Amino acid sequence: MTIGNLAPKKERKSRKNKGVIDENAPLLPKGQEDVVFDEFNGASFTGAVFNLSTTIVGAGIMALPATMKVLGLVLGISMIIFMAFLTEASIELILRFSRAGKSASYGGLMGEAFGKYGKILLQISVLVNNLGVLIVYMIIIGDVLSGTSSSGVHHAGVLEGWFGEHWWTGRAIILLVTTLGIFAPLSCFKRIDSLSFTSALSVALAVVFLVITVGITVVKLFNGSIAMPRLLPDVTDVSSFFKLFTVVPVLVTAYICHYNVHSIHNELEDSTQIRGVVQTSLALCSSVYIMTSLFGFLLFGDGTLDDVLANFDTNLGIPYSSVLNDAVRVSYAAHLMLVFPIVFFPLRLNLDGLLFPSARPLVLDNMRFALVTIGLISVIFLGANFIPSIWDAFQFTGATAAVCLGFIFPAAITLKDRHNIATKKDKILSVFMIVLAVFSNAVAIYSDAYALFKNSSRRE
């Protein structure tokens, strides 16, 4: 069925103010869009906010308290707010140029600006970023349920604490059961709006985690068992100065949602609401990020681990400590399980676009849909079992694909300005985003390499 066969009323509701579809766009191919809009009248504002918020608040929130340990509270919270404004600006640029070029996807927009290779570069960046993020989700779930020893000290998982060490509480078995029982079924939906209920539930679970963390911190503040946190970074030498830049990739990764903006926009009942959806989602997520960073760092101080959830396995010094520890860890692990399919959705479409650019839309080919899904989930499962720390994964994806998707690509599209709609302010902002992204991430990569070299020299 073609779009032309739809009734006018449905056309106005689900496709309001939308441009012509770019058939070669990797995030939402034309044929797939026809199927999507034949099935429903359009996504609601609330559903879109939940889906975009779920895309943003994934695993990045767990690494944010560790950034406070590096930057101190004042600089750390300032950077979270600054990154939120910068992310909103970059998404606004993407949407404005998409309207001008009538592009229905991020890939279509990159293809219009830079041709075939621009689109391919976008697809590869989504693959690297989303694969890295989903591997991080699995690592955290493994840390929570089975335990972790990545910091040199073993932190017991929830199941290990409840039942002791058994073969079925081991990391590989827990992740295998989670993958087959939760990730695989949720990854089989072909329309992103089908995940709006699980997205709402995942946001609620993140809030549960936050409320419990805040409550524990407030109780400990009143009984005087929390020391004054460090407000500013501790810079003592060149190495510690360069270390400050290692948090930039983590902060960038925490806000990356650009690859899902077009998919959510295309399914909105009223597409003019997309800017409000973006701003509401960023405001909600920034608030959650700030509170999590503040209270997580207050609670654990310089003992904050790269994955703060792993800190919740010790006696907190308050009544019902073990129950609260388990509630925090289980609620956030469940949150990540529900976030997984939202991030997986564009990953699968972009991989299919790379491997089968001329094939019929993935949504119409059940065999190809199943094979791509199984292949990707298998790669993610293997990665989660062999990558030791979420900080390593975040710094790699954040220093490469995430900055491209979040800042470099939107800035490059603006500077290219094929439709002559960019203002002087837009171009200055674009240059700033590129310089910030390239400089900070180059320093972060250098700092990581230097620290690795220094540690290996000490061992020798």
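Arg275 and Glu88 form a salt bridge, with their closest N and O atoms 3.8 Å apart. Arg275 lies in helix α13 (residues 274–300) and Glu88 in helix α5, so the pair ties together parts that are 187 residues apart in sequence. A salt bridge here is a side-chain nitrogen of Lys or Arg within 4 Å of a carboxyl oxygen of Asp or Glu. This is a predicted model, in which local features need pLDDT of at least 70 and side-chain atom pairs count only at pLDDT 80 or more, while totals for chains, interfaces and linings use all residues. Residues are numbered from 1 along each chain as its sequence is written, and side-chain values use heavy atoms, with hydrogens and water left out.

**Confidence**

- The chain has an average pLDDT of 77, where pLDDT is the predictor's confidence in each residue, from 0 to 100.
- A score of at least 70 is reached by 78% of the residues.
- Among the elements of the chain, α5 has the highest mean pLDDT (90) and helix α1 (residues 8–14) the lowest (40).
- Elements are DSSP runs numbered from the N terminus: helices are H or I with at least four residues, strands are E with at least two.
- Over residues 1–39, pLDDT stays under 50.
- For that stretch the model has 88 contacts beyond four places in sequence, a contact being heavy atoms within 4.5 Å.

**Salt bridges**

- The whole structure holds five salt bridges.
- Glu88 is buried, with a relative accessible area of 18%, whereas Arg275 is partly exposed at 45%.
- Buried means under 20% relative accessible area, exposed over 50%, and partly exposed in between (1.4 Å probe, protein chains only).
- Asp326 and Arg329 meet through their side chains in a salt bridge of 3.4 Å, N to O.
- Both residues lie in helix α14 (residues 321–355), three residues apart, about one turn of the helix.
- Asp326 counts as buried at 17% relative accessibility, and Arg329 is buried at 5%.
- Arg368 forms a salt bridge with Asp352, the closest N and O atoms being 2.7 Å apart.
- Arg368 lies in helix α15 (residues 366–386) and Asp352 in helix α14, so this pair ties together parts that are 16 residues apart in sequence.
- Arg368 and Asp352 are both buried.
- Salt bridges also link Glu92, Arg96 and Asp426 in a network.

**Cover and surface**

- Helix α12 (residues 258–267) is mostly covered, with ten of its ten residues buried.
- Among these buried residues are His258, His262 and His265.
- A nonpolar surface patch is formed by Trp162, Phe163, Trp167, Trp168 and Val330, with about 590 Å² of accessible area together.
- Patches are made of residues with over 30% relative accessible area and no salt bridge; like charges are joined within 9 Å, nonpolar side chains (Val, Leu, Ile, Met, Phe, Trp, Tyr) within 5 Å.
- Accessible areas come from the Shrake-Rupley method with a 1.4 Å probe; for residues, only the protein chains shown count as cover.
- Trp168 sits in the loop between α7 (158–163) and α8 (171–186), and is partly exposed at 33% relative accessibility.

**Backbone**

- Most residues other than glycine have a negative phi.
- Lys102 is not a glycine, yet has a positive phi of about 55°.
- Lys102 is in the loop between α5 (73–101) and α6 (106–146).
- Asp417, also not a glycine, has a positive phi of about 45°.
- Asp417 is in the loop between α16 (390–416) and α17 (424–459), and is buried with a relative accessible area of 8%.
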